[in-house]
Amino acid sequence: MSKAVVLTQGLAEVSQMPATGMLTIRADLSDPAVIIALTAVTGTEMPGVGQIVRGSDVALGWMSPDEALLLCAHGDAPAKVSVLEGALAECHALVVNVSDARAYFTVTGAAARDVLGKLTPADLRSAAFADGTLRRTRLAQVAAALWAEGEQVHVVCFRSVADYVAQLLRTAADADAPVGWHG
């Protein structure tokens with residue numbers, strides 16, 4: 001898949017994104033040497049707790065005190081691993097290309113948060129889930145990471161459950177299943 005595939009256009013548009021480079025970086029994210037290495041390689045700021053920041057061609061997200069997620073072009077992922085391994089060589093760190101183990105969706109539109117709210121216990125109101133907030137949660141019974149940018153919510157899950165997540169998102173976005181409907 002080389003471009004986004006629209007899965008449905010109901011209450012919100014659900015799309016499966018093309019193959020995207022994703023690297024898991026395990027290291028102490030409060031270590032100054034790790035911060036210097038990550039910001040130098042990515043060209044971004046270091047994300048705060050529960051945040052994701054964008055650079056010109058990457059995004060860097062805080063997943064936990066010892067884990068970051070780097071998104072980049074799929075073809076750039078192997079080279080990014082090498083560069084990050086070099087930059088983190090003096091740190092206790094691990095960099096893994098997880099691109100082919102993840103699937104990436106977007107839910108777009110004024111009702112995007114409501115659509116996802118049917119599937120996750122996470123509070124997706126704008127006050128609790130502002131733009132740039134990265135949240136680990138679940139969609140129904142599977143693990144997912146979510147972040148918002150305006151009327152678009154990004155969803156990353158394990159590729160092994162991608163078909164299930166796609167069906168969940170299509171069903172939740174169905175135009176005949178609006179939030180607040182009381183028959």
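**Entry 1: the whole chain**

I began with burial and noted that 48% of the 183 residues of the protein chain count as buried, where buried means under 20% relative accessible area, exposed means over 50%, and partly exposed lies in between, with a 1.4 Å probe and protein chains only. I keep in mind that this is a predicted model, in which local features need pLDDT of at least 70 and side-chain atom pairs count only at pLDDT 80 or more, while totals for chains, interfaces and linings use all residues. I also wrote down that residues are numbered from 1 along each chain as its sequence is written, and that side-chain values use heavy atoms, with hydrogens and water left out.

I then looked up the elements and found four helices and eleven strands in the protein chain; these are DSSP runs numbered from the N terminus, helices being H or I of at least four residues and strands being E of at least two. The radius of gyration is 17 Å, close to the 16 Å that the globule rule gives for 183 residues, so the chain is as compact as a globular protein of that length. That radius is taken over C-alpha atoms, and the rule is 2.2 Å times the number of residues to the power 0.38. Along the principal axes, the C-alpha atoms fill a box of roughly 60 × 35 × 30 Å.

For contacts, meaning heavy atoms within 4.5 Å, I noted that among those between residues at least 6 apart in sequence, 57% join residues at least 24 apart.

**Entry 2: strand 5 and its partners**

I turned to strand 5, residues 59–64, and found that six of its six residues are buried. Strand 4, residues 52–54, runs antiparallel to strand 5 and is joined to it by three bridges; I count two strands as paired if DSSP finds at least two bridges between them. In this pairing isoleucine 52 stands opposite glycine 61, and a hairpin through four residues connects strand 4 to strand 5.

With strand 6, residues 67–73, strand 5 pairs in the antiparallel sense over five bridges. Here leucine 60 stands opposite leucine 70, and the hairpin formed by the two strands has two residues between them.

I also looked at serine 64, which lies in strand 5 and counts as buried at 12% relative accessibility. Leaving aside its neighbours within four places in sequence, serine 64 is in contact with Leu29 and Arg136.

Which residues of helix 1 are buried? I listed Val34, Ala37, Leu38, Val41 and Thr42. They cover an arc of only 105° around the axis, which puts them on the same side of helix 1, the arc being that of the directions from the helix axis to the C-beta atoms. On the other side of helix 1, Pro32, Ile36 and Ala40 are exposed. The cover over the buried residues of helix 1 includes strand 3, strand 5, strand 6 and helix 2.

Alanine 33 is also found in helix 1, and at 36% relative accessibility it counts as partly exposed.

For helix 2, residues 77–87, the buried residues are Ala77, Lys80, Val81 and Leu84. They fall within an arc of 105° when seen down the axis, so they line one face of helix 2. I noted that what covers them includes strand 3, helix 1, strand 6 and strand 7.

**Entry 3: the nonpolar cores**

I looked next for nonpolar cores, each a set of buried Ala, Val, Leu, Ile, Met, Phe, Trp, Tyr and Cys residues joined through side-chain atoms within 4.5 Å. The largest has 28 residues, and those with the most contacts inside it are Phe105, Val107, Leu116, Leu139 and Leu169. Two or more residues come from each of strand 8, helix 3, strand 10, strand 11 and helix 4, and helix 4 gives the largest share, six residues. A second, separate core has 21 residues, among them Ala27, Leu60, Leu70 and Ala77.

Leaving aside its neighbours within four places in sequence, leucine 139 is in contact with residues including Leu116, Ala144, Val155 and Leu168.

Finally I checked alanine 140, which sits in the loop between strand 9 and strand 10 and counts as buried at 18% relative accessibility. The phi of alanine 140 is near 55°, a positive value in a residue other than glycine.
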